[in-house]
Amino acid sequence: MTDTTAIEHRRTAIRERYLRPIDERPASTARGLHHTALVSGDVERTVAFYQDVLGFPLTELIDNRDYPGSSHFFHDIGNGNLLAFFDFPGLDLGPYAEVLGGLHHVAISVDPARWEGLVARLAEAGVEHEVHSGVSVYFRDPDGARIELISDPLGEMYGHQVL
């Protein structure tokens, strides 16, 4: 059985040690997330899903310099951010799996005025999805990666400032 009291005590200790008030935090050394790269089992199926269902335009499709015959392609997810994919033809990668150090989900902020329409598009496309707290919808892409569309503003999570 998980000792949730001990976990909360540990979380509190970490928060006290590392979390600084916003006016005491140093500026980040990063400019932002350039792209997150996922693996695609079928380039056209992935492009159709992300562009046609979710409305994330394809911005480029190039050769993957690291693996002969592989493609590297990008979708615009707004705010100068990209969601990228690789395919690896000829490799038997097996089904998607959540593992330590692996991807749990990608959360993409969408305008609240568009959020409900995107939830409807998922339903129309027959994509199983689950809505949480009236601002998040979770679903899996065609290769099993878990995606969240969240209508909270960037830097906010369920009404709580996280940035």
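Two strands pair if DSSP finds at least two bridges between them. Helices (H or I, at least four residues) and strands (E, at least two) are DSSP runs, numbered from the N terminus. This is a predicted model, in which local features need pLDDT of at least 70 and side-chain atom pairs count only at pLDDT 80 or more, while totals for chains, interfaces and linings use all residues. Residues are numbered from 1 along each chain as its sequence is written, and side-chain values use heavy atoms, with hydrogens and water left out.

**View 1. The chain as a whole.** Three helices and ten strands make up the secondary structure of the chain. Their pattern along the sequence reads α-β-α-β-β-β-β-α-β-β-β-β-β. The C-alpha trace spans about 50 × 40 × 35 Å along its principal axes. Of the 163 residues, 28% are buried (buried means under 20% relative accessible area, exposed over 50%, partly exposed in between, with a 1.4 Å probe and protein chains only). Contact means heavy atoms within 4.5 Å. Among contacts between residues at least 6 apart in sequence, 47% join residues at least 24 apart.

View 2. Four strands form an open sheet in the order S1-S4-S3-S2, with mixed pairing. Strand S1 (35-40) and strand S2 (58-63) are at the edges and have a single partner strand each, so one side of each is left without a neighbour in the sheet. On average, neighbouring strands of this sheet are turned by 20 degrees against each other, direction ignored. Axes are lines fitted to C-alpha atoms, for helices over the stretch in contact, and angles run from 0 to 180 degrees between N-to-C directions. Strand S3 (residues 71-76) and strand S4 (residues 82-87) run antiparallel and are joined by five bridges. His72 has Phe86 in S4 as its bridge partner. Helix H2 (residues 43-53) lies across S1, S2, S3 and S4 and runs at about 5 degrees to S3.

View 3. Leaving aside residues up to four places away in sequence, Thr46 touches Ser40, Phe73, His75, Phe85 and Asp143. Glu156 is 110 residues from Thr46 along the chain, and the C-alpha atoms of the two are separated by 29 Å.

**View 4. Aromatic rings.** Rings of Phe, Tyr and Trp (its six-membered ring) pair if their centres lie within 6.5 Å; planes under 30 degrees apart count as stacked, over 60 as edge-to-face and the rest as tilted. The structure has seven aromatic pairs. In one of them, Tyr67 and Phe88, the ring centres are 5.5 Å apart and the planes stand at 80 degrees, so the pair is edge-to-face. Tyr67 lies in the loop between S2 and S3 and Phe88 in the loop between S4 and strand S5 (106-109), so the pair ties together parts that are 21 residues apart in sequence. Tyr67 is partly exposed, with a relative accessible area of 22%, and Phe88 is partly exposed, with 23%. One aromatic cluster is formed by Phe49, Tyr50, Phe56, Phe73, Phe85 and Phe139.

View 5. The covered face of S5 holds Val106 and Ile108, and the uncovered one Ala107 and Ser109. S5 and S8 run parallel and are joined by four bridges; the bridge partner of Ser109 in S8 is Ile150. A pocket, on a 1 Å grid over the protein atoms alone, is an open set of points where a 1.4 Å probe fits, with protein on both sides within 12 Å along at least five of seven lines; lining residues have an atom within 4 Å of a point. Grid points are joined across faces, edges and corners, and a volume is the space filled by probe spheres set on the points. The largest pocket holds about 570 Å³ of space. Its lining has 25 residues, of which Asn81, Ala107, Ser109, Leu154 and Gly155 lie nearest the centre. S5, strand S8 (146-150) and strand S9 (156-157) each supply at least two residues of this lining, and S5 gives the most, with four.

**View 6. Two loop residues with positive phi.** Most residues other than glycine have a negative phi. Asn79, in the loop between S3 and S4, has a positive phi of about 55 degrees although it is not a glycine. Asn79 is exposed, with a relative accessible area of 64%. Ser133 lies in the loop between strand S6 (129-132) and strand S7 (136-140), and its phi is near 55 degrees. Ser133 is exposed, with a relative accessible area of 61%.
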